Amino acid sequence: MKTVEQHLRRTGLCLLAGLGLFAGGCHSIGPGSVPRDRSDYSSSIGDSWKRQTLLNIVKLRYVDPPIFVDVGQIVAGYSLQTGLSAGGTLSSVGAIQGNFATASGQAIYTDRPTITYVPLTGNKFIRGLMTPLPPESVFFTIQSGWPADSVLFATVASINGLKNQESSISGVNHPDPDFLRVLQLLRKIQLSGAMSMRVQTDAQKNQTTLLTVRGTDVPPEIAEYGREVRRLLHLDLDAQEFKLVFASMPANNQEVAVITRSMMQQMGTMASQVEVPPEDVSQGRAAPGWDAAGNNTNAIRLIQIKCSKSQPTDAFVAVEYRQHWFWIDDRDLKSKRVFSFMMMLFTLADTGEKEGLPLITIPAQ
């Protein structure tokens, strides 16, 4: 009898030890889910944003109105239910070989994500798309390190009357050669560190953005670049700071007058350069766009958006539309940079109500 009791005692201790190990291993799933979910949801939102942007650009080439849908809220709910049961049977006194114990466990894991989508509509959103970008925002992106020539070519329609290339779904107008020369010079001055921005505040708290192009304490070639920029833009040859304004022409020789483009114009420029099947243009399904440039050697392609019947295997971003795939090659650094820059510009445009970022709530049970 004593032997049977000792055996059952040992069996019970083993079951309790197993239960303790099982319970000890069931830690909260919340902390472990944070790094995984944060990365996964961030990547998914970013990829979907790229595809939506590319799709709207392609739709503009087909004169199809763009539609934007934002991610309003993400709620990821997890639950984990566990259970453990144990039992034993004593067949007879003294018959130890007939005694046995059983143990079983179960775990139920549930993942129920809820994602809310919000269509971006209304007067403020439309006005944000149609309103030109603030000139100071454009030049501050240059101040932060983006190439001056690429930024200005993509976002500016004219500087002090010098016109940029105009690309639309109806065709392409070549740029003023002096405009392109100004962009080249500003890029060289930027690389030397001789160009900067400054915000001046007067007694009435009015702010003025000043563009500084140093002409002293710089290498001789940089000083010459600065003088050439001043001549091309008809600026004061001795001044080093110029007031930045939104206008087609400057009021005096100490102003840099800039006409910037809106986000809709940016998208229209890219839409004009989307490759489309030739029959879609000939049949009137798609606007002429870049094809209308013909042999115009002065036309400069801003971005390369390819078209194919089959899904591409090496794409930075790809969407399917009208039984064709439209995509940007992952090896095309210039097009990737332009596309990413345009997406960043969406944050500079007032495209709607000021709301918080998408909320991610992850209850763990």
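Reader: Where is A247 found, and is A247 buried or exposed or something in between?

Author: In this predicted model, A247 is found in the loop between β9 (241-246) and β10 (255-260), where strands are DSSP runs of E with at least two residues and helices are DSSP runs of H or I with at least four residues, numbered from the N terminus. With a relative accessible area of 22%, A247 is partly exposed; buried means under 20% relative accessible area, exposed means over 50%, and partly exposed lies in between, using a 1.4 Å probe and protein chains only.

Reader: And which residues is A247 in contact with, leaving aside its neighbours within four places in sequence?

Author: With those neighbours left aside, A247 is in contact with A257, V258 and I259, contact meaning heavy atoms within 4.5 Å. A247 and T260 are 13 residues apart in sequence, and their C-alpha atoms are 9.0 Å apart in space.

Reader: Before I go on, how are residues numbered, and what does a predicted model need for local features?

Author: Residues are numbered from 1 along each chain as its sequence is written, and side-chain values use heavy atoms, with hydrogens and water left out. Because this is a predicted model, local features need pLDDT of at least 70 and side-chain atom pairs count only at pLDDT 80 or more, while totals for chains, interfaces and linings use all residues.

Reader: OK, new topic: what is the phi of R322, and where is R322 found?

Author: R322 has a positive phi of about 55° although R322 is not a glycine, and R322 is found in the loop between β12 (315-321) and β13 (324-329). Most residues other than glycine have a negative phi. The place of Q323 is also in the loop between β12 and β13, and Q323, likewise a residue other than glycine, has a positive phi near 60°.

Reader: How do R322 and Q323 count, exposed or partly exposed?

Author: R322 counts as partly exposed because its relative accessibility is 43%, whereas Q323, at 64% relative accessibility, counts as exposed.

Reader: What about T313, where is that one?

Author: T313 has its place in the loop between β11 (306-308) and β12, and T313 is exposed, with a relative accessible area of 82%. The C-alpha atoms of T313 and D329 are separated by 9.2 Å, although these residues are 16 residues apart along the chain.

Reader: Switching to helices, how many of the residues of α8 are buried?

Author: Helix α8 (residues 263-272) is mostly covered, since 9 of its 10 residues are buried, and among them are M263, M264, Q266 and M267.

Reader: At what angle do α8 and α10 pack?

Author: α8 and helix α10 (residues 333-345) pack at an angle of about 160°, with their axes 10 Å apart; axes are lines fitted to C-alpha atoms, for helices over the stretch in contact, and angles run from 0 to 180 degrees between N-to-C directions. α8 and α10 are therefore roughly antiparallel to each other, since angles over 145 degrees count as roughly antiparallel, under 35 as roughly parallel, 65 to 115 as roughly perpendicular and the rest as oblique.

Reader: Which residues make that contact between α8 and α10?

Author: The contact is made by M263, Q266, M267 and M270 of α8 together with V338, F339, M342 and L345 of α10. By class, the contact has 7 nonpolar, 1 polar and no charged residues, where Ala, Val, Leu, Ile, Met, Phe, Trp, Tyr, Cys and Pro count as nonpolar, Asp, Glu, Lys and Arg as charged, and the others, Gly among them, as polar.

Reader: And how do the axes of α4 and α5 cross?

Author: The axes of helix α4 (residues 135-143) and helix α5 (residues 148-155) come within 9 Å and cross at roughly 160°, so α4 and α5 are roughly antiparallel to each other. V138, F139, T141 and I142 of α4 make the contact with A148, V151, L152 and T155 of α5, and by class this contact has 6 nonpolar, 2 polar and no charged residues.

Reader: Last one: how many helices and strands does the protein have?

Author: The protein has 10 helices and 14 strands, and buried residues make up 38% of its 365 residues.
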